[in-house]
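Here is a short briefing on one protein model. Keep the structure open while you read.

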Amino acid sequence: MYVSTYGVFILLGIALCYGLPTKTPNACGYDACNLGDPTKLNVHIVAHTHDDVGWLKTVDQYYYGARNNIQHAGVQYIIDSVMHALEQNPDRRFIYVEIGFFWRWWSQQTEETRDKVRGFVNTGRLEFISGGWCMNDEASTHYNSIIDQHALGAEFLRDQFGECGRPKIGWQIDPFGHSREQASLLAQMGFDGLFFGRADYEDYYTRNRTKTMEMVWKASANLDHQGWLFTGVLPNGYGPPGSFCFDAFCADPPIMDDPRLHDYNVPERVQTFIRAAQDEAVGFATNHIIMTMGSDFQYENANEWFKNMDKLIRYVNAQQANGSNVNVFYSTPSCYTYALNKAGRAWSSKTDDFFPYAHHPHGFWTGYFSSRAAFKRYERYSNNILQVTRQLNGYARTNLRNSIFVLSEAMGVAQHHDAVSGTEKQEVVFDYAQRLSVGLGVASGVINQAYARLLPKVGSPPPQAPQFLCPLTNISECLPIQDQPRFTLTLWNPTTQPVLRHFRVPVTRSYTIRDPTGQPILAELIPIADTTKKIPGRTSTATNDLIFRASLPALGFNTYFFEAKTNEKREESTVKITHNDECILQNQNVRVEIDAQGNLGHIVNIKKSFAVGFTGQGFYWYSSFPGNNSRSEFQASGAYIFRPLTSNAEPVSTTRSVTCIKSENVQTARIVFNDWASQDISLYDDSSYVEVEWTVGPIPINDNIGKEIILRYDTDIQSQSKYYTDANGREVLERKRDYRPTWNYTVAEPVSGNYYPVNSRIWIKEQDRQFTVLTDRTQGGASIRDGSVELMVHRRMLYDDALGVGEPLNETAFGQGLVVRGKHFINVETPAASAFYHRVGSQRLYMSAVPTYALVPQTYASYSAAYRQTWSALTDTMPVNVHLLTFDQLGPQEYLIRVEHFFEFSEDDTYSHPVTFNLQSIFTTLGTIGNMVEMTLGANLPLADMHRLEWVTADQESSQMNANKQTTLTDTNITLNPMQIRTFRVTLA
């Protein structure tokens, strides 16, 4: 996605330029690089296309060139044309990024064409950069999915092109702000550099003025040099310098170089280009500059680009005879990085991130942190299912990885910066959701086949009844089990620790639930709220949720058997319900005080004997700015931009009703604000978290006002302008209101300018108290006043923000505004103890136990005789601070696994230390490890073969790391340091 921005605020007349190599490459990688002339200004021309895997059209419409009335773009023709153009001149070079498209093209090529392309790759003329399935978003994505989508592309490139196809440079040219965790992950994949096209307009101006457009990004507070990455801000977004776009859809003049013909323009074109190069060089620190020659879906006629660039290079370089110091040549981001590395200079460094991004004073791209909240949750849920499917496939040895690819590919596409970000057209997000749905359907089949192997006892046949998912239980709907006399619920716990949690099953009758030992367990019927029953599209007739507590084994399953009660005698309910009275929720750990008007008063940590008081809690709304986007001050709020009309959020109602429901398993305050906003504040037995389930929608717009809905918690904590948010679900960064660490920040938008992406958690604290909120999806969050935390849960607007998508963010379903439901989990603890709760809690939230149902025909006695009702892959206890991030069966005896230490240094006295465990413990049920090779994070290179470029910072620190010399490991005991992820390719004996 590329849009023109308000460059007048920062460019100050600076023009830009790009360059190309002149020698014929005879090798790939750095050996193929032209490093230019040390006495000249070397202009590295990077020919590229930026191909969104969905935005205004779907990914396949973009690939085929369909529906060009929306946007003219056909990726298959682009790649066809580029390959033909590369044949014409061996000096030409091209880079390609989005492997999701290249994989589509490659699968349709003859072996002759493939061999030709391999030749281009092996000689450095075609280079794959980044190499992910897409160019992922950096604000809304979870680290698990970022790793997966990069690994998916890296695996394809390794299999088809070998070492010459391995990307070494990140190319995040279009995402709208940049995460520190993204850079850290790329560094751990063995990358040598990262370039991006968007930086805040004030940040860009400061860097350009101080020649710090390129830096060493110290992207991890825990991993030291392992997380360092050389990073550059591109000089012109990712487009060509002014007047040098040679695409078929550009209006810039070609190089008209025959003096016998009219309009001969070589002198003017050459001098304009030389000026552009010299102007660009003013902001950069060496005699090397980069020029990106290309943009969105360009090079459909690659000859038009290359023919003009060939001429431009020839005529510009010819001026060296007349004293010009500009040396232009075809290059790549890798070669440009290598040239900078060989420049022998020290570089400035950076330790924070590049959020939030603004392109002018009133244009903060912080709305997309929350846009399309329902899809953001669906993507996170789909990842949960994907990881569980891989685990089940691996432990059952069903060897169905090719089937799982359908969901892996859909998830790879969904990470795109116009997908999970919520910045695509409505029709396109439907396509993304459909792809995930199809993938989940295939995954459900794999899960079923895995359980067909894991469930039967020795000598018993596979179950007759298939396992199936019920993804709508969040609105108390599971139609297949409705009115059934019996069914099973099997829960797979994907974490390496036993889990104790409560589950709800929507039912139309009473059931006896038997645990894996056959014993009936406590199960209580809780009435389904009227707000749930009224959700548009809900067709279930279930009137109650049956709630019970499950104790699940680590990395394994329990099956619970449901039998309908046949006795007509009405049992006396243990559930107590009151209306509009004081509601006190209390268990062994926490007390929640809510008054008769539904106001949250205190949350008390009983064991630590302290409370957090609330001056307010509930739903508020910002009025979306209704601008015409003609100037900065008229910027509208839209899918990308969050811009409230005023800084004060209004409450959604002045009154609320409260229903207090108490049972042995759970106590709930059901608070209704109006007919489109409600929340259930629940405290489960023995829990240390307060669950807030929020429901918002349909947001009314009959007053012609767009609304952005927040859930706000106003506490008595003295937070001193500071708050803390996570980066992609991993490391946490300190934020300070109205402040930027690396430049003098001008406050123009006091609300949206303080919003940051909250992927999994946000907190505020003082010396002895910390208030933490965990989220079930990415949301924009902030602390606009001391003691306050707000999270944007839903948005509905009537204006487009003129950044390309061309339609307002106005989601509807079933003829009404979309209803969105989600959860926050609140923890009140001391700062010293909080890390344990938010670390373990967030891991268990994104890797939840996955329930599958089966309509079994047998009685319990018959079922229990034939099938296992509990099973675990582990026989040894795993350390609490170790997480099994990836468990993927590659072949009958081969597995890819990633294990991580998910605590940071110094945040917990017990768990923030190195931990050692035996990797064999994960394979106990499968066999003995015969061989294991440690890989880079992307799993496409043995770690012993990783050799990254060395960089030196201005304070004379070197990025050099101690090399791992071992290719294969024999000792299966491994050590993890805080925040370290280690990747292994394991072969069983």
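The protein carries 86 positive and 103 negative side chains. The centres of these two sets lie 3 Å apart. Keep in mind that this is a predicted model.

**Overall build**

- The protein contains 16 helices and 46 strands.
- The C-alpha trace spans about 105 × 65 × 55 Å along the principal axes.
- How does the radius of gyration agree with that of a compact globule? A globule of 989 residues would have a value near 30 Å, and the protein has 29 Å, so the two agree.

**Surface and interior**

- Of the 989 residues, 65% are buried.
- The accessible surface comes to about 33,600 Å². Carbon and sulfur atoms account for 48% of that surface.

**Aromatic pairs**

- How many aromatic pairs does a search of the whole structure find? The search finds 72.
- Take Tyr-395 and Trp-871. Their ring centres are 6.1 Å apart and their planes meet at 65°. Planes over 60 degrees apart count as edge-to-face, so this pair is edge-to-face.
- Tyr-395 has 5%, so Tyr-395 is buried. Trp-871 has 16%, so Trp-871 counts as buried too.
- Phe-887 and Tyr-895 form a tilted pair. The distance is 5.3 Å centre to centre, with 35° between the planes.
- Phe-887 is buried, with a relative accessible area of 2%. Tyr-895 is buried as well, at 0%.
- One aromatic cluster is made up of Phe-94, Phe-244, Phe-246, Phe-273, Tyr-299, Trp-305, Phe-306 and Tyr-330.

**Cis peptide bonds**

- Most peptide bonds are trans. The next two are cis.
- Phe-355 and Pro-356 are joined by a cis peptide bond, with omega about -15°. Pro-356 lies in the loop between strand E10 (349-350) and H11.
- Gly-697 and Pro-698 are also joined by a cis peptide bond, with omega about -5°. Where is Pro-698? Look in the loop between strand E26 (690-696) and strand E27 (707-715).

**Positive phi angles**

- Most residues other than glycine have a negative phi.
- Lys-211 has a positive phi, near 55°, and is not a glycine. Find Lys-211 in the loop between helix H7 (201-210) and strand E6 (214-218).
- Lys-211 is at 39%, so Lys-211 counts as partly exposed.
- Arg-397 is not a glycine either, yet its phi is positive at about 55°. Arg-397 is in the loop between H11 and helix H12 (401-414).
- Arg-397 has a relative accessible area of 26%, so Arg-397 is partly exposed.

Key: Residues numbered from 1 in each chain as written. Predicted model: local features only at pLDDT ≥ 70, side-chain atom pairs only at ≥ 80, totals over all residues. Heavy atoms only, no water. Helix = DSSP H or I, 4+ residues; strand = E, 2+ residues; numbered from the N terminus. Rg over C-alpha atoms; globule rule 2.2 N^0.38 Å. Buried < 20%, exposed > 50% of the residue type's maximum accessible area, 1.4 Å probe, protein only. Areas by Shrake-Rupley, 256 points an atom, 1.4 Å probe, with all protein chains shown as cover. Lys, Arg positive; Asp, Glu negative; His and termini not counted. Charge placed at Lys NZ, Arg CZ, Asp CG, Glu CD. Phe/Tyr/Trp six-rings, centres within 6.5 Å; stacked < 30°, edge-to-face > 60°.
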